[in-house]
Amino acid sequence: MPITSPEKYWWKPADKQEKIWITLSLIWCLILFAMMPLWHIYGKQNPSAEPLKIRPADFMKVSNVFIEKYKVGEESGIAIVEPPAGVDVYLRGQMWNWVPILKLKKGVSYKFHISSTDLMHGFSLQPMNMNFQIVPGHDNILNFTPTEAGTFHIICNEFCGINHHTMVGKIIVM
Amino acid sequence: MTNAAEFRTCPITGKKVFKTTQNLMWINAVTAVVFILIGGIMALLVALTRWPAVHLLPADLFYRFLTAHGLNMLIFWIVFFEIAGLYFGSSVLLNVRLATPKLAWLAYLLMLVGAVMVDIMVFTGRADVMFTSYVPLMAHPLYYLGIILFAVGALIGCGIFFATWAIARAEKTYEGSVPLVTFGLTAAAIIAVFTLSAGAIIYIPTFLWSLGIIKNLDAAMYRLIFWGLGHSSQQINVTAMVSIWYLLGALTVGAKPVNEKICRTAFVLYILFINLASEHHLLTDPTLSSAHKIANTSYFMYLAVLASMIHALAIPMALEVAQRKNGYTKGLFEWFTKAPWGQPGFPALIFSLFIFGFIGGITGVAYGTEQLAIKSHNTWAMTGHFHGTVVGGTTLAFMGLTYYVIPLIFRRELIGKKLATIQPYIFGIGIVLMSLGMGAAGTLGSPRRHWDVTFAVSIIPFSFDPTVILFTTVAAIGAMLAVTGGAIYVLVSVLSVFFGRKMAANEAKII
């Protein structure tokens, strides 16, 4: 019984069925083990691999410079920004907006710098459902290439205070 | 204080049950049930708010009650129950008096004071920070202090478990090796020690930060160490739950492990590798390198998955062998169809095993891949995953065990045996619907910890595919069933413990 001590010599060889099961499980674990690094080499969608720390106040400054330079309009009080190809894109999570609204071109590669100037936020691109943790003090650097035109939304999926559920951003791809 | 040497002999197992152990198990288990009641009421209110057709609470109360739900369920209910389990696994199963019962009472008081402090802070709106309390979101200092006190109490509880083990060994109250259930609980206690240490490493500076003594805490560093507590504490639950599966197998059909070596090796794999699962939370984080993420979550973690796969064979195998010995030998599945489905322990065991493995486990391994984490991180699919593991798995196993602990240890006959028997079915089916509903809505992008997935008040208009609302409703209906099952559990266990017929000393009835 599992509630009584086992017989004196319990270190016994496994049975055939047990050996088969454990071998199969181990093979499956090895396949899983290989998949993650392989996808890094051959896959096209991977999390950020460029570590960079940035103080929230500094991120506020650089993202404001970016917004002023390439601003093309405004919607609901939030700047609409159209960065030319080859320019680094700064996206700021703050209570409770994603700033700015971005206008991007299909097929062009953009280097995104996403960070927060206050609390933790969750970058959640819809409807493709791609999610990244946005941490104040750290720059989440991601390379995006829009592959289809249309309007996309960014919701926040990390709790960031009382109006967390109103935090929605927008990316327009032309 | 009762005499530390006073004991009775269990008429069924022949184990010595010491009065001090019995009292301490009683107080910890009863307190656990009080906290599942609080957490359950919160669960009901939170579920009724996420259900778009009802949308019960205002936003501030929703986030506050969600914080309370997480803490009361994930920490207070489970850890109090586990401390009772540790005292059982050491003192009762090893036939020995509990080491330092006075210290055990101190541990209990620390945990209770800590838990009450945390609940007061949360319910008075001074800690709307969610279970994770991610820096720089700040709670009242007493919130952090409450968690520290609770963790210190739990750590003392683990120490008493090891000390009791040592006394049993010194006084030779058992022969050869410890029973498998004690072995599994030992693995759980070892995991608890490094888990609670991670908790101390992060909560003490956070407490000082909330007092203004420390000026800056790095948010990413907080996440890394916090999950050493946050996820690893769930690994304590997994390990304790697997031990309880073996125990329930023995109590319901007389199952004994087929190969002790294999079962015990699997527990050792848990000790060595399962902590790394906490890295899964950080897969979409900035700053950590890919090599770091891959080494922790890909290479080592799968050895813990292997351990779960081994238990997934060993437990059903033990059940089948026992049932065939019981005479159910017809065909491939008579052992399963003729199992004791009419007593609560067996359906609780089977539901727990299946929900943990097929809903909680599989999703956990899948979302723990770096690239799939992009598709699931912080979505409601995560909530679906851990309700499969910790609610459908751990909580249901603990519930099933309670119906045996009451007559065997507390010597009270169950009130409402029929209710107790249908309870695992209602709770299990509820959790299946809820977890799958959450998983489906989350896969379509629905976020976790969100007051309004219809985005009725957002500045920039947005709405999900309507299927999200459909699956949210499925999850909510599942939640209603689960809450009903939870209510039955609380009702039956409270009534039985306080008003159940006291059983005679020699009454050898399991349930």
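This is a predicted model: local features need pLDDT of at least 70, side-chain atom pairs count only at pLDDT 80 or more; totals for chains, interfaces and linings use all residues.

Biologist: Which residue is the bridge partner of A:Leu102 in β11(A)?

Modeller: Let's look at the strand that A:Leu102 brings us to. Strand β5 (residues 101-104) of chain A pairs with β11(A) in the parallel sense, over 3 bridges. Within β11(A), the partner of A:Leu102 is A:Ile171.

Biologist: What is the radius of gyration of chain A?

Modeller: Start with the make-up: chain A has 2 helices and 11 strands, in the order α-α-β-β-β-β-β-β-β-β-β-β-β along the sequence. The globule rule gives 16 Å for 174 residues, and chain A is well over that, so it is more spread out than a compact globule. Its C-alpha atoms fill a box of roughly 80 × 35 × 30 Å along the principal axes. The radius of gyration of chain A is 24 Å.

Biologist: What percentage of the residues of chain A count as buried?

Modeller: Chain A exposes about 8300 Å², with carbon and sulfur atoms supplying 62% of it. Among its contacts between residues at least 6 apart in sequence, 56% join residues at least 24 apart. As for burial, the share of the 174 residues that count as buried is 52%.

Biologist: Now the aromatic rings, please. Is the pair of A:Phe159 and B:Tyr63 stacked, edge-to-face or tilted?

Modeller: Over all chains, the structure holds 45 aromatic pairs. In this one, the ring centres are 4.6 Å apart and the planes stand at 45 degrees; stacked needs under 30 degrees and edge-to-face over 60, so the pair of A:Phe159 and B:Tyr63 is tilted.

Biologist: Where do A:Phe159 and B:Tyr63 lie, and are they buried or exposed?

Modeller: A:Phe159 lies in the loop between β10 (150-156) and β11 (168-173) of chain A, while B:Tyr63 is in helix α2 (residues 59-92) of chain B, so the pair joins two chains. Both A:Phe159 and B:Tyr63 are buried.

Biologist: At what angle are the ring planes of B:Phe336 and B:Trp341?

Modeller: B:Phe336 is partly exposed, with a relative accessible area of 24%, and B:Trp341 is partly exposed with a relative accessible area of 24%. Their ring centres are 5.2 Å apart and the pair is edge-to-face, with the planes at 85 degrees.

Biologist: How far from the ring centre of B:Trp380 is the charged end of B:Arg50?

Modeller: Charges sit over rings in chain B. The charged end of B:Lys16 sits over the ring of B:Phe7, 5.0 Å from its centre. The charged end of B:Arg50 sits over the ring of B:Trp380, and its distance from the centre is 4.0 Å.

Definitions and conventions:
Residues are numbered from 1 along each chain as its sequence is written. Chains are lettered from A and ligands numbered from 1 in the order in which they are written. Side-chain values use heavy atoms; hydrogens and water are left out. Rings of Phe, Tyr and Trp (its six-membered ring) pair if their centres lie within 6.5 Å; planes under 30 degrees apart count as stacked, over 60 as edge-to-face and the rest as tilted. Helices (H or I, at least four residues) and strands (E, at least two) are DSSP runs, numbered from the N terminus. Buried means under 20% relative accessible area, exposed over 50%, partly exposed in between (1.4 Å probe, protein chains only). A charge sits over a ring if NZ of Lys or CZ of Arg is within 6 Å of the ring centre and within 35 degrees of the ring normal. Two strands pair if DSSP finds at least two bridges between them. The radius of gyration is taken over C-alpha atoms; the globule rule is 2.2 Å times the number of residues to the power 0.38. Contact means heavy atoms within 4.5 Å. Accessible areas come from the Shrake-Rupley method with a 1.4 Å probe; for residues, only the protein chains shown count as cover.
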